[in-house]
Amino acid sequence: MDNYKKILSKLGLKIPKIMLPDSKCQLEKWAVVACDQYTSERSYWEKVADITKDSPSTYNIIFPEVYLEDGDSDTRINTINSNMDNYIQSGTLNELDECFILVDRQTSHTQSRKGLMVALDLECYSYTKGSCTLIRATEGTVIERLPPRIKIRQNAPIELPHIMVLIDDPDKKVIEPLAQKADKLEKLYDFELMMNGGHIKGYQVSDEEDLSSVAEALSQLADLKNFREKYGLENQEDVLLFAVGDGNHSLASAKGHWENVKSGLSYEEQQNHPARYALVELVNVHDEGLVFEPIHRVLFNVDAKNLLNEFSAYYQNNTCSKNSKPHVFKYITSEGSGEITINNPVSNLEVGTLQAFLDYYIKEHPQVKIDYIHGEDVVTRLGSQTGNLGIYLPSMNKTDLFKTVILDGALPRKTFSMGEAEEKRFYLECRKIK
């Protein structure tokens with residue numbers, strides 16, 4: 001094995017064989033946004049279905065979550081698996097030699113957000129609370145959300161990632177040097193994304209010198225001495241190299257599927273089985289094109305006045321620490337907008353204070369449904385409808401993310417979003433997992 005491959009392997013990373021659609025495919029119709037977006041807006045997905053009709057498209061091999069509760073999951077999953085097989089056998093998808101792909105994404109909010117397509121070793125990842133692995137979740141994982149997602153992966157011959165994983169590289173040594181020489185790399189794709197998704201370019205990274213450069217830069221980030229100095233943690237023993245930014249439940253599902261597959265394999269078979277790895281896009285948390293947006297909450301079939309009264313009462317008897325400031329939440333209902341102040345928060349982050357209460361309230365009022373919304377305009381539109389309540393949340397500082405996860409563990413779920421809904425990763429690249 002080449003030296004850089006050994007280094008990458010120790011860091012939980014593999015150079016994947018990525019699959020891309022045939023040159024005859026219309027890429028504008030092939031790529032669609034992550035399945036966990038627009039989950040309360042069927043009209044969005046109906047329009048996607050219309051745009052991609054009769055064309056090869058990732059829409060035909062994903063399960064948009066807006067349809068998860070329609071009662072036809074088994075039929076959908078069987079159709080997805082059948083379409084995947086068809087795309088492979090018909091030559092719609094073709095496999096590249098081992099490489100990374102440098103991604104340059106332009107959106108309506110940023111001129112450029114750079115990423116690197118790699119495969120991460122699921123043996124180096126854990127989403128459990130208090131985990132000290134190289135790859136960690138940044139938010140709480142809802143175990144109940146995993147079985148249907150694992151089921152989708154169970155018989156799938158390929159994976160499509162919408163997972164974005166962060167590295168904390170303030171000196172910009174991993175991805176940015178590749179971006180500076182993009183004009184010397186082979187361009188794999190360059191096209192407009194549908195539905196206001198912006199523009200995306202991809203470049204093949206397969207030269208040994210470039211791969212070695214990535215391996216060396218990542219090994220510097222993973223060096224324990226450097227790690228301790230960066231975060232001011234003298235006694236820290238466990239390095240956090242990769243923090244899951246988007247697609248936490250997708251990566252957790254890949255892990256769950258791998259554990260199922262692994263149980264039937266010998267030790268030798270486990271070492272290089274394709275299901276052991278997950279294709280993801282690495283992004284530097286210091287990339288100027290990466291913006292952390294808050295994820296707001298919209299409640300459906302709810303008595304807004306009752307919920308707001310109970311929210312105040314829920315924290316009334318708590319004793320907050322001296323450093324805790326009151327948390328103020330703006331909201332909107334069909335009767336207008338307002339704000340509510342919680343004087344005794346138990347969490348440092350507003351999202352922690354709100355989510356702990358909402359988990360309790362929904363358990364007590366099972367008719368109430370919740371959705372996690374990107375974009376204040378959507379919260380305003382949905383929250384102002386009769387029977388709904390929209391609650392707005394502030395954003396967090398992205399440069400605090402790694403140290404917060406190292407010290408406090410995973411954040412409350414749905415704490416932040418990397419950009420607006422239309423800026424999310426679009427399905428484009430694939431990889432065999434069987």
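This is a predicted model: local features need pLDDT of at least 70, side-chain atom pairs count only at pLDDT 80 or more; totals for chains, interfaces and linings use all residues.
On a 1 Å grid over the protein atoms alone, a cavity is a set of points where a 1.4 Å probe fits but cannot get out, and its lining residues have an atom within 4 Å of a point. Residues are numbered from 1 along each chain as its sequence is written, and side-chain values use heavy atoms, with hydrogens and water left out.

**Cavities**

- The model has two cavities of 30 Å³ or more, where volume is the space filled by probe spheres set on grid points joined across faces, edges and corners.
- The largest cavity holds about 410 Å³.
- Of its 24 lining residues, Arg149, Ile152, Arg153, Leu160 and Ser250 are closest to the centre.
- Around the second largest cavity sit Asp168, Leu221, Phe227, Lys230, Tyr231, Leu240, Leu241 and Phe402.

**Cysteines**

- There are zero disulfides, a disulfide being a pair of cysteine sulfur atoms within 2.5 Å.
- Cys430 is in no disulfide either, as the nearest cysteine sulfur, that of Cys25, is 10 Å away.
- Cys35 is buried at 11% relative accessibility, and Cys430 is buried at 0% (buried means under 20% relative accessible area, with a 1.4 Å probe and protein chains only).

Conventions
On a 1 Å grid over the protein atoms alone, a cavity is a set of points where a 1.4 Å probe fits but cannot get out, and a pocket is an open set with protein on both sides within 12 Å along at least five of seven lines; lining residues have an atom within 4 Å of a point. Buried means under 20% relative accessible area, exposed over 50%, partly exposed in between (1.4 Å probe, protein chains only).
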